[in-house]
Amino acid sequence: MVSTGHEPPANFFDRIGIPRTLLWGYVGMLLFMIGDGVETSYLSTYFKTEFGFTEASVGVIFTTYGIAAAVGAFLSGGLSDRWGPRKVMMAGTAIWAVCHAVLLAVAVPTGSYALILITYGIRGLGYPLFAYGFLVWVMAGAPKQQISKALGWYWFSFTMGYPVLGSGAVSVLKPAIGYYPTLWVSLLLILVGSAIVFTMLKERSGYEGLSQGAERASVVQTLVGCVTIMFEKPKVGMGALMRLINTTSQFGVWVFVPLYLIQEVGFGSEEWSTLLMIMMGSNLVGVVVLGAVGDRWSGDQTIVWFGGVLAAVACLGLYYVPATFGHNYALVAVACAIFGVGMAGYVPLPPLMTMHAPNRTGQVMSTYTLGAGASQALGPAIGTAFIGILGIQGVLWIYAVLHLISAGLALVIRTSSATEEEIAAAPKDAVPAH
C-alpha cells in the first residue's frame, strides 16, 4: 500500500524532490489554496463595509472560523488513519464548496449575520481537511529517502497558493469584476483543484485507511488515540510542541512587528507590505532548500540550526536591527528574509515524529497539525499578554527562547522510541535512519 522508497528517480520532478506519483496532488493543492487564499486580504473589510458589522462582530466570525480550522487540522490525520487521505480530502472539498456556495448564494445577499457566521464558520473545517489530508498522503506515499524534499515542496505549494498567489489574485480580480464575483471565482478554483486531485492522483497509499492490522479501531477510538499518543509516546508530544513553536513566532510577528516598525521606527505601511513579501519569498525558497538539506545532511540538525538557532537570532534581529540602524530598509529586509528561512527550518519534523509510532502515521500527523493550528492563536496571545509589560523587545525575546527550546527538543526526539513490534507492523521503510 505504501511506497517502498526504492524507486529510482525517473524524471525532472523526481530529481527536484516532487514524487512523480504525487505530482497532481501538488498541482491540485496549489489551485485549492489559491482559491482559499483569495479572501485573506479583504474579507474582513468586506463584511464591515458591505454590511456595517462592528469590528467585534467581524472578530467573532473569524474566531469561529479559526476554531473550526483548528478542529479540521486535528481531525485530518486521525481520519486519514481510518478512511484514508483521499476520502478526508473529499470531505474537505465538500464542506468548503457547499458552505461557500450557501454563503454567497443566500447569506451574503440577505445580509444575515447569523447565516454568515454559521456558513463561514463551518467552512473553516474544509481547507485543513483537504490540505492536511494531502500532507498525510505525502508522508505515506513519498519515497522515504526524499521525504523532507517532498515535504518542502508541499509547504511551497501551500504557501505559494494561500498567502501569495491568493492575495495576488484578489488584487487583480477585485478591480476588474468586483469582490463578490471574485468570491465565486475562488469556488471555481477550489473545484478545479479538487477535480485534478481526485481524477489524476493515482498513488494508492491514499486510497485506504493508514492504520495497520486486521482489527481496526472505531472512529472515536482513532480520534481519542490522536490525543493519547502524545502521552503514550512522549517524543511525539515533544514534536507537536515543536510544531507549535514553529509558527507561534510567525503569527506573533505578523501582528506586532508592523506596529513597531510603523509607529516607532517610521516605516510606511507599503514598506511593511514589501517586507512581508520578502519574508514569505525567502520562506518559499527555504522550505525547498532545507527540505533537501534535511534529506542529505540530517533532519534533526536542520531543525536545531535553522529552525532553532537561526530563527531565534532572526526574532531578535527584527527588533535590534531597526532599533540600532533606524529606518534602514535594506537591513530590515535582510532580517525579514532570515526570519523566513528560520521558519522553514522545521520542514524535516514530520519524519522525526512518525518514527516514534511508525504504524500510527495519521494519529501522529494529527498532533502535528494540532500544533500548527494552535500556533495561530498562541503567537498573538503571547504578544497581547506581554507587550504591555515587556514591550516588543521582550515579546521577541520570548519567541527567540521558544525557538531555542525547540532546538533542544529536536536533539531529544531524534532517537527512535518505537518498539520492535511497532517497527515490524509498520510499512516498509517507515522508520528513517538518523
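Here are a few notes on this predicted model, point by point.

1. Some ground rules to start. Because the model is predicted, local features need pLDDT of at least 70 and side-chain atom pairs count only at pLDDT 80 or more, while totals for chains, interfaces and linings use all residues. Residues are numbered from 1 along each chain as its sequence is written, and side-chain values use heavy atoms, with hydrogens and water left out.

2. Have a look at helix α4 (residues 55-83) and helix α7 (residues 126-141): their axes come within 8 Å and cross at roughly 35 degrees. Helices here are DSSP runs (H or I, at least four residues), numbered from the N terminus. Axes are lines fitted to C-alpha atoms over the stretch in contact, with angles running from 0 to 180 degrees between N-to-C directions.

3. Who touches whom in that pair? On the α4 side, Tyr65, Ala69 and Gly72 are among the residues that meet α7, whose own set includes Tyr127, Pro128 and Tyr132. Contact means heavy atoms within 4.5 Å. By class, there are nine nonpolar, five polar and no charged residues; Gly counts as polar, while Ala, Tyr and Pro count as nonpolar.

4. Next, the salt bridges (a side-chain nitrogen of Lys or Arg within 4 Å of a carboxyl oxygen of Asp or Glu). The structure holds six. One of them pairs Asp36 with Arg123 at 3.5 Å, N to O. This one links distant parts of the chain, since Asp36 sits in helix α2 (residues 23-37) and Arg123 in helix α6 (residues 113-123), 87 residues apart.

Technical notes. Helix = DSSP H or I, 4+ residues; strand = E, 2+ residues; numbered from the N terminus.
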